[in-house]
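Let's take a walk through this model together. Have the viewer ready, and follow along one element at a time.

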Amino acid sequence: MMRGLWTRETVAALLLAAYLPLAAFWLWMGGVAALGQLGLVALVIGIWHLVFMLLRAQPPSLAALVTALAIAMLAPENLGVFRLSLGVSFGVVMGELVFGGWGRNVVNPATVALAFLGFGFPTFDWPGFDAPVAWAALPAAGIGVALGVLPAALVAGAVGVGALGVAAGLLSDPVLFAAGIVLVLLVADPVASAATTVGRWINGALYGCLVILFATYWTGAAPVQVAVSAALLASLAAPLLDEAALALWIARRRRRHGRT
Amino acid sequence: MAQPPNLWNTLTDPLIRQNPVTLQILGLCSALAVTTGLATALTMSISLTVVLTLAAGVISLIRRHIPDTIRLILQIVIVASLVIVIDQVLQAYFSEISKALSVYVGLITTNCLVLGRTEAYARHHTPLPAMVDAFGNGLGYSLVLMIVGGLRELFGKGELFGFQVLPLVDQGGWFTPLSLMLLAPSAFFLLGLLVWAVRAVLPEQAEAREHTPPLSTEPAE
């Protein structure tokens, strides 16, 4: 074989395939307005990818569409073209492109853009999700995990903590729906999440715990805002969790074998 | 010393080429905290420039009498005395702004920028070049503070020095204030973008790479 099959673009394409059910249901429920929002976000991201390709020779990536879908679905409503473009530009440039493009970013660009929009324009309402769209997150997660592009341990960790939260009566339906969609779209992103299995379990569990914490004690926060904030903190903690997992592994090897 | 340093260069170097904030990344704490508006940024800039210049002069005057072992204590005592004077003056004549600046004027004492210039330059030079260098560094710091403070006030409130520049939506205009600009993270972003811009223009300021990427990721055919 001249090149491996698993290039960055393969992962991006499979990720996109995994998100198709979610995107289809969301577009069906949202109609033309949703399509227009998706188109606008994709256009802005595309322009930035083009700029960075021309100026810094960074190849554009299909992952732009994944980012566009996440931002279009979760962004606050009725922002207007200018504010939405500003937030998207900030997220994509500062969250992804300055680090060298998709695959080298520290946090998911969509998370950065959404946090920017949420904290920058607090007067706009966050979207709510109907049950069909939220249920579509299940096949999306299933396809992603089956194809190996979404980390199974992370999803399992988050779902486990989420199940405990539901059993304890801490999570209401809207929060659960938003948290599920954000888990699939933002937290389980293969680049910005933890890369070791132990790290992934903890990363998912941390996301679940943060959602429960925010949902319980953050008064006046919309469900999507809760989930996006938890996603931002969880993905910022991911490198630390990886580092801890590696240090543990090395310490265990050293104890058992006297070397690494 | 072969040649006394050129005073004009000593003064202008720290403005951009050797800027204490964007190149040496010193004095960030105050630069992030006080830049929500131009008025506080300007007050802070003036206070720091005055303290820095006077401290450099004093330390340079007694530089041959400072024992090496206690030089830091001595420098901090001198800087702290000057800071207290400035703080009292601000409280007496500009109590509004002094309240807005809260502890940050007092914290000039521990500002790395002040200690860095007195330690690195004033201890080894005669008073005039020492004070010119300190003044230049103060101006460089002020320049960054004014840029960041101006941008934050303009986009966060639509004002400059408290005067409405961009008409707000609530008052029938078109500008929606970007409230993120008034929070601390935006100062980080703006400062980062500023450093990026400066280094794009002056590539010699960019740091060496920490890692060398592999030569080629393509396997041989």
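**Helices, a loop and a contact**

Start with helix α10 of chain A, residues 223–257: at 1.5 Å a residue, its 35 residues should span 51 Å, and the end C-alpha atoms are 49 Å apart, so the two values agree. Keep in mind as you look that this is a predicted model. Along α10(A) you will come to a kink of about 35° at A:A238, shortly before the proline A:P239. Just after the helix, A:G258 takes a positive phi of about 75°.

Beyond the end of α1(A) sits A:G31, with a positive phi near 75°.

What surrounds α1(A)? Its buried residues pack against α2 (32–56), α3 (63–74), α6 (131–147) and α8 (173–187) of chain A. Among the buried residues are A:V11, A:L14, A:L15, A:L22, A:F25 and A:W26.

Let's move over to chain B and pick out a proline in a loop. B:P167 lies between β2 (163–164) and α8 (184–201) of chain B. Is B:P167 buried or exposed? It counts as exposed, because it has 12 C-beta neighbours inside 10 Å, and a residue with 12 or fewer is classed that way. Leaving aside residues up to four places away in sequence, B:P167 touches B:G172, B:G173, B:W174 and B:F175. For a sense of distance, compare B:S186: B:P167 and B:S186 are 19 residues apart in sequence and 22 Å apart in space, C-alpha to C-alpha.

Finally, look at where the two chains meet. Six residues of chain B are in contact with six residues of chain A. On the chain B side of this contact, four residues are nonpolar, one is polar and one is charged.

How far does the predictor's confidence go? The model scores ipTM 0.71 and pTM 0.81. For chain B, the mean pLDDT is 83, and 95% of the residues reach 70 or more. Where pLDDT is low, the predicted coordinates should not be read in detail.

Note on methods. Residues numbered from 1 in each chain as written. Chains lettered and ligands numbered in written order. Predicted model: local features only at pLDDT ≥ 70, side-chain atom pairs only at ≥ 80, totals over all residues. Contact = placed C-beta atoms within 7 Å. Nonpolar A, V, L, I, M, F, W, Y, C, P; charged D, E, K, R; others polar. pLDDT = per-residue confidence, 0-100. Helix = DSSP H or I, 4+ residues; strand = E, 2+ residues; numbered from the N terminus. Buried ≥ 20, exposed ≤ 12 C-beta atoms within 10 Å, placed from the backbone. Expected span 1.5 Å × (residues − 1). Bend = angle between axes of the 7 residues up to and from the residue.
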